[in-house]
Amino acid sequence: MKDKVVLVTGSSRGVGARVATLLAGLGARLVIHCRQRAPLAGKVAEGITRLGAQALVVRADLTVPQDTHRLFGDVARRFGKLDVLVLNASGGLEIDKPADYAMRLNVDAQLRAVDAALPMMPQGGRIVFVTSHHAHFHGQRRTVGEYEAVAATKRAGETALRERMPELAARGIRLVVVSGDVIERTVTAVLLERARPELFARRRARLGSLLSVEEFARAVARASHDPDAVSGDTVYVGSTEPDGDGPTGHSGFIHTS
Ligand SMILES: NC(=O)c1ccc[n+]([C@@H]2O[C@H](COP(=O)([O-])OP(=O)(O)OC[C@H]3O[C@@H](n4cnc5c(N)ncnc54)[C@H](OP(=O)(O)O)[C@@H]3O)[C@@H](O)[C@H]2O)c1
């Protein structure tokens with residue numbers, strides 16, 4: 001990743017923060033992005049600087065078009081290009097947002113970010129879309145009721161990105177999707193466990209433990225630079241069994257095209 005420029009959206013905390021730090025450790029120059037937690041984003045950037053890598057912090061609400069354009073303008077001015085765009089920022093469980101917020105963030109904002117990124121992405125660039133099994137398998141499996149809007153819109157976002165693959169291929173840019181099981185101690189997991197404790201108890205009893213931020217972030221980081229990744233691949237991380245069904249562990253990855 002030496003001299004590659006990587007933007008990880010939503011890298012102030014959770015999975016995004018760890019992915020950014022892992023990629024900086026491989027020599028990449030990082031854009032740390034947040035919506036509002038600038039002090040947290042600053043701490044992530046400080047950690048990256050201590051690794052000897054460069055980091056730019058940009059605050060932007062991706063549901064606001066002007067913010068998105070400012071974000072990519074800042075990236076262009078500082079680095080002049082973008083090699084890898086990790087679409088990690090996500091939301092929709094917030095209680096203070098309008099009904100269409102999940103759609104605006106998980107679909108519209110993702111496509112807008114891609115549109116803003118493409119002009120500065122060289123051939124060989126990569127877009128990584130981060131999602132959850134609940135979202136990726138939406139429509140094929142039941143999801144937790146409280147997560148329905150997030151799952152449906154993230155699935156719609158993934159589908160919309162996949163529809164852009166011919167255009168991406170023409171530009172020499174790969175799209176890789178990384179889908180994960182529920183991750184222990186994340187804000188989403190805490191909210192869902194509060195709503196559905198029995199589901200989590202069952203899943204822990206079956207799997208021993210849930211997926212960790214570290215395990216998932218390592219898979220996302222690998223998908224961001226793995227030379228063997230094929231455009232359109234989905235990397236599955238953690239148990240892919242639906243809630244309540246047979247036993248699985250959460251080691252390794254299954255790649256499918
Ligand atoms: N949590 C899980 O159990 C789980 C499981 C599988 C997959 N995933 C996927 O992993 C990814 C990261 O999840 P996470 O749990 O680490 O997320 P998280 O802790 O909720 O962090 C979300 C990040 O997105 C940013 N963000 C939120 N709304 C935004 C907006 N409107 N504009 C710009 N940035 C915004 C936040 O910025 P601020 O900090 O400034 O608010 C934060 O950096 C998501 O794509 C999720 O679907 C999560």
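The largest pocket in this predicted model is lined by 47 residues, with Arg 13, Ser 90, Gly 91, Val 187 and Thr 188 nearest its centre. A pocket here is an open set of points on a 1 Å grid over the protein atoms alone, where a 1.4 Å probe fits, with protein on both sides within 12 Å along at least five of seven lines; lining residues have an atom within 4 Å of a point.

**The lining**
- Its residues divide into 20 nonpolar, 17 polar (Gly counts here) and 10 charged (Asp, Glu, Lys and Arg).
- Helix α8 gives the most to this lining, with six residues; helices are DSSP runs of H or I with at least four residues, numbered from the N terminus.

- You can find Asn 106 in helix α4.
- Asn 106 counts as buried because its relative accessibility is 1%, and buried means under 20% relative accessible area with a 1.4 Å probe, protein chains only.
- A polar atom of its side chain lies 2.8 Å from the backbone oxygen of Gly 91.

**Reading the model**
- Residues are numbered from 1 along each chain as its sequence is written, and side-chain values use heavy atoms, leaving out hydrogens and water.
- Local features need pLDDT of at least 70 and side-chain atom pairs need 80 or more, while totals for chains, interfaces and linings use all residues.

Definitions and conventions:
Helix = DSSP H or I, 4+ residues; strand = E, 2+ residues; numbered from the N terminus. Buried < 20%, exposed > 50% of the residue type's maximum accessible area, 1.4 Å probe, protein only. Polar contact = N/O pair within 3.5 Å; in protein donor to acceptor, adjacent residues only side chain to side chain.
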